[in-house]
Amino acid sequence: MAEVINMPRLSDTMEEGTLAKWFKKVGDTVKEGEILAEIETDKATMEFESFYDGVLLHIGIDEGSTAPVDSIIAIIGSKGEDISKIINNDTPAVKEEPTPVVKEEPTPVVKEEVKADSTISISNDRILISPLAKKLANEKGIDISAIKGSGDNGRIIKRDIDSFKPSNYSQFTQPRPHLKESSYETQNSTMRKAIAKRLADSKFSAPHYYLNIELEMDNIISFRKQFIQTQNIKISFNDIIAKAVSLSLAKHPKVNSRWYDDKIIYNEHVHLGVAVAVDDGLIVPVVKFSNSKDLPQINSEIKDFAERAKNKKLTPSEIEGSTFTISNLGMFGIESFTSIINQPNSAILSIGAIVQKPIVKNNEVVVGNTMKLTLACDHRTVDGATGSLFLKTLKEYIENPVSILI
């Protein structure tokens, strides 16, 4: 009996997914546990395993196409099995190539014919192109005769238009004094669209306010150097700050909270989200129970998350459930900045660069190292005094880093 494979819900916020890559083609034998495809969600690109043995009888979504959760993406069954009723009764709502109403003024020379497979055949040059791709090509002023289609029978589809670069594309990457304007565009990925939606929702629904402090970093610089020498583990400043933040949150659960319309949840455990930059935007893997982990454990997890995030290999459970988030742009030389809260968290900490400058110690001006932190708070859950007390505790840990080990 044929088994229907639907677009899975791979994260709690996922509403649709993009089929990034097929590892099997129609007619291939599939075994349970084999990787069937890569699916791009609003948070990451993940490998999708087959739950069945059999033959891949039908692929419902082309590579690069997007479809809602629960749409049919494939059918697995026995070789030669009739699946026409399944396909006809439940056609997936794929956003890649919706069937449009094509309205053309009559012309005695060329006539376009809309076929059942949403392919337009232009009789004078025999170019096969989908209606959506044709529309995008017209909008972008692209000559479709210069494009090699990747669809069935060489059909030009949306992804061919999105990825097309003209032969003179180098003019966009090489500055030329005689050129006044140049630009190109790419389609928004599922992740980029989801980031935009979530951040806009957070910024305009949560009443943000910001608290700033500047810390002395000489002690933590010495502490890190001694830790690396004695433990032979190359921890980063970010690892130490992550541990200090986790211990501070355990003492201030009001900052480690979540707002809901009918309640506030105060978390005694700490699941620390660590923002990682990837090609498509930003992803936040979560160090679970970070307040109970030592520096080598935190270092190992953050390093592993960062590497796998860039290769899109994180699992849904590794990017969900944070109770607080840190974002560090210090490695880019940014001295201070403000972040948008990663809801449903109540706060996010922005970490700037360590800067050497004159400071006052014991009534004398000396050269010292400082770092600026900015805490963005949701005023519905974190009042000014609450946020300030949290930062006071964090300052004590960072300026006296030995206390982190106690």
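Here is a short tour of the structure, stop by stop, with something to select each time.

**Before you click**

This is a predicted model, in which local features need pLDDT of at least 70 and side-chain atom pairs count only at pLDDT 80 or more, while totals for chains, interfaces and linings use all residues. Residues are numbered from 1 along each chain as its sequence is written, and side-chain values use heavy atoms, with hydrogens and water left out.

**Stop 1: the whole chain**

Select everything. You're looking at 10 helices and 21 strands. Helices here are DSSP runs of H or I with at least four residues, strands are runs of E with at least two, and both are numbered from the N terminus. Of the 406 residues, 44% count as buried (buried means under 20% relative accessible area, exposed over 50%, partly exposed in between, with a 1.4 Å probe and protein chains only).

**Stop 2: helix α7**

Now pick residues 237–251, which form α7. From first C-alpha to last, this helix of 15 residues reaches 21 Å, close to the 21 Å expected at 1.5 Å a residue (the expected span is 1.5 Å times one less than the number of residues). Is α7 mostly buried or exposed? Since 12 of its 15 residues are buried, α7 is largely enclosed by the rest of the structure. Among the buried ones are Ile240, Ile241, Val245 and Leu249.

**Stop 3: the core around Val245**

Along with Phe324 and Leu349, Val245 has the most contacts inside the largest nonpolar core, a set of 68 residues. The largest share of this core, seven residues, comes from α7. A nonpolar core is a set of buried Ala, Val, Leu, Ile, Met, Phe, Trp, Tyr and Cys residues joined through side-chain atoms within 4.5 Å. In soluble globular proteins, nonpolar side chains tend to be buried together.

Show what Val245 touches: leaving out residues up to four places away in sequence, the list is Leu272, Phe324, Ile326, Leu349, Phe390 and Leu394 (contact means heavy atoms within 4.5 Å).

**Stop 4: a four-stranded sheet**

Next, find the open sheet with the order β1-β8-β6-β3, where the pairing is antiparallel. Strands count as paired if DSSP finds at least two bridges between them. At the edges stand β1 (3–6) and β3 (29–30), each with a single partner strand, so one side of each has no neighbour in the sheet. Zoom in on β1 and β8: four bridges join them, and Asn6 stands opposite Ile72 in β8.

While you're in β8 (residues 72–77), click Ile76. Ile76 is buried, with a relative accessible area of 1%.

**Stop 5: a buried charge**

Jump to Asp160 in helix α3 (residues 158–163). Which side chain of opposite charge is nearest to Asp160? That's Arg159, 4.6 Å away, and Asp160 is buried without a salt bridge (a side-chain nitrogen of Lys or Arg within 4 Å of a carboxyl oxygen of Asp or Glu). For charge, Lys and Arg count as positive, Asp and Glu as negative, and His and the chain ends are not counted.

**Stop 6**

Most residues other than glycine have a negative phi, and most peptide bonds are trans. Select Gln343 and Pro344: a cis peptide bond joins them, with omega about 10 degrees. Pro344 sits in the loop between β19 (324–328) and β20 (347–361).

Asp70 has a positive phi of about 80 degrees and is exposed, at 54% relative accessible area.
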